[in-house]
Amino acid sequence: MKPIRIALTKGRLEEKSVALFEQLGYDCTAVREKGRRLILPVAGTNLEIVLAKAADVVTYVENGVCDIGVVGKDTIMEMGGTFYEVADLGFGRCRFALAVPRGVDFYEGYHTRCIASKYVNVARAFFEKKNMDVNIVKIEGSVELAPILGLSDAIVDIVETGVTLKENGLVVAETIMEVSARLIVNIASLKLRKQEIEPFITQIERYLAGGKQDA
Ligand code: PRP
């Protein structure tokens with residue numbers, strides 16, 4: 001029988017995702033002792049855990065090579081895509097924010113602002129809603145560098161603790177939206193393997209309803 005594949009986002013969300021599955025009673029020893037392996041079995045089940053970068057979790061689930069995924073709402077907002085978003089897992093909480101160098105009034109003056117972001121679609125949508133014409137530059141990581149180096153007036157980025165902004169002389173000018181980890185499911189999988197996938201989702205929903213989101 002083909003395994004049910006669950007794609008987990010490597011890095012920040014990984015530990016909390018694994019902790020959640022362990023709370024639900026799944027044996028994640030193979031993930032904990034993964035070494036460099038990227039596909040790990042969950043002992044005693046038909047589940048397999050796939051470790052991938054956030055954007056790739058969406059790609060794998062959307063294309064049906066993974067049935068289920070755990071990924072941040074930030075990545076979902078940026079990439080869009082066709083899949084079911086079935087649960088807010090409650091961890092990985094952070095926010096999208098517009099941040100500027102300390103002391104700068106972002107809205108002062110009439111020049112066209114330059115915005116640096118890894119999340120260009122989120123940034124574009126934010127300024128379109130404001131009817132504000134901006135130039136958006138895509139930066140792959142450590143986007144805080146862009147205003148410091150003089151490339152941009154501001155950044156649109158994820159803020160969790162705020163330490164990165166603070167240590168780089170930036171402040172939040174506006175919060176755009178709250179984000180957190182989401183459980184996503186491939187559309188065809190949910191239809192074709194309903195009997196296997198639905199109980200798993202229900203189990204997670206029950207757990208979350210029990211108020212233990214911060215596991
Ligand atoms: C994110 C984000 C900020 C930082 C914010 O980067 O882009 O740089 O975390 O966290 P804080 O508010 O707790 O300081 P990440 O570490 O995911 O790496 P990246 O820069 O490569 O995207």
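Q: How many residue pairs are in polar contact across the interface of domain 1 and domain 2?
A: The structure is a predicted model. A polar contact requires a pair of N or O atoms within 3.5 Å. Across the interface of domain 1 and domain 2, with both residues at pLDDT 80 or more, the number of residue pairs that meet the rule is six.

Q: Which residue forms a salt bridge with Arg12?
A: Between domain 1 and domain 2 the count is one salt bridge. A salt bridge requires a side-chain nitrogen of Lys or Arg within 4 Å of a carboxyl oxygen of Asp or Glu. For Arg12 the closest N and O atoms of the pair are 2.3 Å apart, and the partner is Glu160.

Q: What is the area buried between domain 1 and domain 2?
A: Domain 1 comprises 4-92 + 180-209, and domain 2 comprises 94-177. Their C-alpha centres lie 30 Å apart, and six residues of domain 1 are in contact with ten residues of domain 2. Carbon and sulfur atoms give 51% of the buried area, which is about 680 Å².

Q: How far from an oxygen atom of the ligand does a polar side-chain atom of Thr164 lie?
A: The ligand is surrounded by 13 residues, and Thr164 is among the closest, with Lys118, Glu144, Asp157 and Thr161. A polar side-chain atom of Glu144 lies 2.6 Å from a ligand oxygen, and one of Thr161 lies 2.5 Å from a ligand oxygen. For Thr164 the distance is 2.4 Å.

Q: What percentage of the area that the ligand exposes alone does the protein bury?
A: Taken alone, the ligand exposes 500 Å². Of that area, the protein buries 73%.

How values were computed: Residues are numbered from 1 along each chain as its sequence is written. This is a predicted model: local features need pLDDT of at least 70, side-chain atom pairs count only at pLDDT 80 or more; totals for chains, interfaces and linings use all residues. Side-chain values use heavy atoms; hydrogens and water are left out. Domain bounds come from an automatic or database domain assignment. Contact means heavy atoms within 4.5 Å. Buried area is the accessible area (1.4 Å probe) that two parts lose on being put together, summed over both. A polar contact is a pair of N or O atoms within 3.5 Å; within protein, one must be able to donate a hydrogen and the other to accept it, and residues adjacent in sequence count only if both atoms are side-chain atoms. A residue is near a molecule or strand if one of its heavy atoms lies within 4 Å of it. Accessible areas come from the Shrake-Rupley method with a 1.4 Å probe; for residues, only the protein chains shown count as cover.
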